Amino acid sequence: MANNTPIFKKGDKRDTSNYRPVSLTCIVSKILERIIRDNLIDHFRRNHLLSGKQYGFLTGRSTTIQLIRVMEDWTQCLDRGSAVDVVYMDFMKAFDKVPHSHLIQKLKCLGVNMQTVNWIHDFLTGRTQLVKYQNNISSAISVISSVPQGTVIGPVAFLTYINDLPDEVASKVYLFADDTKMYREIINTMDCQQLQSDIDSLEIWSRKWQLQFHPDKCIR
């Protein structure tokens, strides 16, 4: 059972969707999670399994490095006299929507040993949570999806889930956790058509893996 504490992000404080649900769990669990997390990252890096386009929750891949690489690409395009079309996409409640069965499927495909896969499965299933706010406590409910925010294993589990997204498109993509930035140099109408095709491909990916894009946070 996790104590779910709502952390305000931004916007109207009266809107419950503007709060991030952070799960507070016990220290013993976090210690074991850290061991599992470190071994997962080591497995992914030794076998070159992590996408080079992901910059969230990874040592040595900062937002500054991503920004420098993107700005270099854009500057080269502008120096050639081309335009650059950029699409920013954001998933709706991404961490809370990850289906456990799909995550386990992806871990297996990445060659994670079954002992670890079974441990993560057990860690995610059978969970309950309640919300604590000031002196008020809600009744407990079952958690049927999500990688819990506030846990140690949560971020790397989410990176695993979204790792193959850049492979779905021909345009350039950079990720920071669930924030997606896709862009393409525009020379002719075929480039515009390809960018639209890539947007459609990401929409197909989102439906297949049950992570819905937030229409109010996707801009071009």
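His 100 lies in helix H4, which spans residues 100-109; helices (H or I, at least four residues) and strands (E, at least two) are DSSP runs numbered from the N terminus. The relative accessibility of His 100 is 10%, so the residue counts as buried (buried, under 20% relative accessible area; exposed, over 50%; partly exposed, in between; 1.4 Å probe, protein chains only). With residues up to four places away in sequence left out, His 100 touches Leu 124, Thr 125, Val 143, Ile 144, Ser 145 and Ser 146, where contact means heavy atoms within 4.5 Å.

The model is predicted; local features need pLDDT of at least 70, side-chain atom pairs count only at pLDDT 80 or more, and totals for chains, interfaces and linings use all residues. Residues are numbered from 1 along each chain as its sequence is written, and side-chain values use heavy atoms, with hydrogens and water left out.

The protein chain contains seven helices and eight strands. Along the principal axes, its C-alpha atoms fill a box of roughly 60 × 45 × 30 Å. Of its 220 residues, 42% count as buried. Among contacts between residues at least 6 apart in sequence, 67% join residues at least 24 apart. The accessible surface of the chain is about 12500 Å², and carbon and sulfur atoms account for 54% of this area (Shrake-Rupley method, 1.4 Å probe; for residues, only the protein chains shown count as cover).

Ser 82 is placed in the loop between helix H2 (63-79) and strand E3 (83-90). Ser 82 counts as buried because its relative accessibility is 13%. Beyond its neighbours within four places in sequence, Ser 82 is in contact with Cys 77, Glu 185, Ile 186 and Ile 187. The C-alpha atoms of Ser 82 and Ile 186 are 6.1 Å apart, while the two residues are separated by 104 residues in sequence.

Regarding charge, Lys and Arg count as positive and Asp and Glu as negative, with His and the chain ends not counted; each charge is placed at NZ of Lys, CZ of Arg, CG of Asp or CD of Glu. The mean positions of the 27 positive and 23 negative charges of the protein chain are 6 Å apart. A patch of positive charge on the surface is formed by Lys 9, Lys 10, Arg 20, Lys 93, Lys 97 and Lys 217. Patches of like charge are made of residues with over 30% relative accessible area and no salt bridge, joined within 9 Å; a salt bridge is a side-chain nitrogen of Lys or Arg within 4 Å of a carboxyl oxygen of Asp or Glu. Lys 9 is located in the loop between strand E1 (2-8) and strand E2 (19-24), and its relative accessible area of 37% makes it partly exposed.

Conventions
Patch = residues over 30% accessible without salt bridge, like charges linked within 9 Å, V, L, I, M, F, W, Y side chains within 5 Å.
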